[in-house]
Amino acid sequence: MTIKPLADRVLVIPAPAEEKIGGIIIPDTAKEKPLRGTIKAVGKGTKDEEMLLKEGDEVLYGKYSGTEIELNGEKFLMMRQSDVLAIIEK
């Protein structure tokens, strides 16, 4: 099964949360949600807003952005393009 976002929505694979900081192992309850991820799929945009993001872009998004979705054991976030704060260029 695959997910195809509609309109101005994007499907993001969140980056994994950090397990260690300076040799200290962080328990699951204390880990912060990651604020970056990779675009897995994009919608076509709307008549008022063209889609600027593309599959494979690394992005930063807001702390409470998106709806969590689990598919085939993998976690994703579905959010609007406007919830994405920036594209990370390498």
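**Core packing and a buried aspartate**

Not counting residues up to four places away in sequence, Ile-39 touches Val-10, Leu-11, Val-12, Leu-53, Lys-54, Glu-55, Gly-56, Asp-57 and Val-59 (contact: heavy atoms within 4.5 Å). The model is predicted, with local features requiring pLDDT of at least 70 and side-chain atom pairs pLDDT 80 or more, while totals for chains, interfaces and linings use all residues. Residues are numbered from 1 along each chain as its sequence is written, and side-chain values use heavy atoms, with hydrogens and water left out.

Ile-39 belongs to the largest nonpolar core, which has 11 residues, among them Val-10, Val-12, Leu-53 and Val-59. A nonpolar core is a set of buried Ala, Val, Leu, Ile, Met, Phe, Trp, Tyr and Cys residues joined through side-chain atoms within 4.5 Å; buried means under 20% relative accessible area (1.4 Å probe, protein chains only). Two or more residues of this core come from each of strands E1 (9–14), E4 (36–42), E5 (58–61) and E7 (74–80). The protein has eight strands and zero helices (DSSP runs numbered from the N terminus; strands E, at least two residues; helices H or I, at least four). Of its 90 residues, 29% count as buried.

Asp-57 lies in the loop between E4 and E5. Asp-57 counts as buried because its relative accessibility is 8%. Its side chain reaches the backbone nitrogen of Lys-54 at 3.0 Å. Beyond four places in sequence, Asp-57 touches Gly-37, Thr-38, Ile-39, Leu-52 and Ile-87.

Methods
Buried means under 20% relative accessible area, exposed over 50%, partly exposed in between (1.4 Å probe, protein chains only). A polar contact is a pair of N or O atoms within 3.5 Å; within protein, one must be able to donate a hydrogen and the other to accept it, and residues adjacent in sequence count only if both atoms are side-chain atoms.
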